[in-house]
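The following note sets out a few points on the ligand site and on one strand pairing. Please read it alongside the coordinates.

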Amino acid sequence: MQLLEQALARFAEVYGRAAEAADVVDHTACTLATCSASGWPQVRTVLLKGYDERGFAFYTNRHSRKGQALAENPRAALCFHWAPLAEQVVIEGVVTPVAEAEADAYWASRPRESQIGGWASHQSRGLKSREVLEQRVAEYAARFPEGEAVPRPPHWSGYRLAPVRIEFWRARPGRLHERDVYEHTAEGWCHRLLNP
Ligand SMILES: Cc1cc2nc3c(=O)[nH]c(=O)nc-3n(C[C@H](O)[C@H](O)[C@H](O)COP(=O)(O)O)c2cc1C
């Protein structure tokens, strides 16, 4: 098995266990780190909406702060921590937008309420008052009548992070935790253990 496939199989194994663990609130939640052109790091939580050999997909508003950072600098990282499992996976890579058809398919699977919210929220921009947002929600709810498909806003879409480094961490007694990393280098993918 190629090393990248091996890393993805490892991710699938721990992700599957996290999905089944009753005490993991949402196994898809991860921290997304971006870095603006000026070098400031930024982090926030997003939900993983799929992964395969191409990378790890999440959805958002492309006009958001993260969207701006990714437009300036497509390098990003995702950090999953499943506390009840005492496991962490950190994935670094390069982000590209998902295909329009893929974004359409995911948008169509969202509840109508979230779709209206996607239109109403100018994510990450200043908001004068909660009432202003509620007013916009009401306007879009009226614009897109119940029972009819809500189109995807052009600025609402997904990104896929193609991994260049995948690190696994598992808690062990005495803080002698297990760490190992799959990294893409000039010679191809390599795998090595790390000190905790
Ligand atoms: C559990 C959880 C899941 C979230 N999932 C998403 C998500 O999938 N996409 C998204 O755009 N924001 C999500 N958010 C909100 C983001 O953390 C963040 O507040 C928002 O995207 C704006 O980030 P930005 O200003 O850095 O762009 C989530 C927040 C939490 C707490």
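**Notes on the ligand site and a strand pair**

1. An oxygen atom of the ligand lies 3.0 Å from a polar backbone atom of Leu-47. Please bear in mind that the model is predicted.

2. An oxygen atom of the ligand is 2.7 Å from a polar backbone atom of Thr-45. Of the 610 Å² that the ligand exposes when taken alone, the protein buries 62%.

3. The residues around the ligand are Arg-44, Thr-45, Val-46, Leu-47, Tyr-59, Thr-60, Ser-64, Arg-65, Lys-66, Gln-123 and Ser-124. Sorted by class, this shell comprises three nonpolar, five polar and three charged residues.

4. Which element gives the most to the shell around the ligand? Strand S2 does, with four residues. S2 (41-47), strand S4 (55-61) and helix H2 (65-72) each supply at least two residues of the shell.

5. A separate point concerns strands S8 and S9. Strand S8 (residues 178-185) pairs with strand S9 (residues 188-194) in the antiparallel sense, over seven bridges.

Conventions
Residues numbered from 1 in each chain as written. Predicted model: local features only at pLDDT ≥ 70, side-chain atom pairs only at ≥ 80, totals over all residues. Heavy atoms only, no water. Near = heavy atom within 4 Å. Polar contact = N/O pair within 3.5 Å; in protein donor to acceptor, adjacent residues only side chain to side chain. Areas by Shrake-Rupley, 256 points an atom, 1.4 Å probe, with all protein chains shown as cover. Nonpolar A, V, L, I, M, F, W, Y, C, P; charged D, E, K, R; others polar. Pairing = 2+ DSSP bridges.
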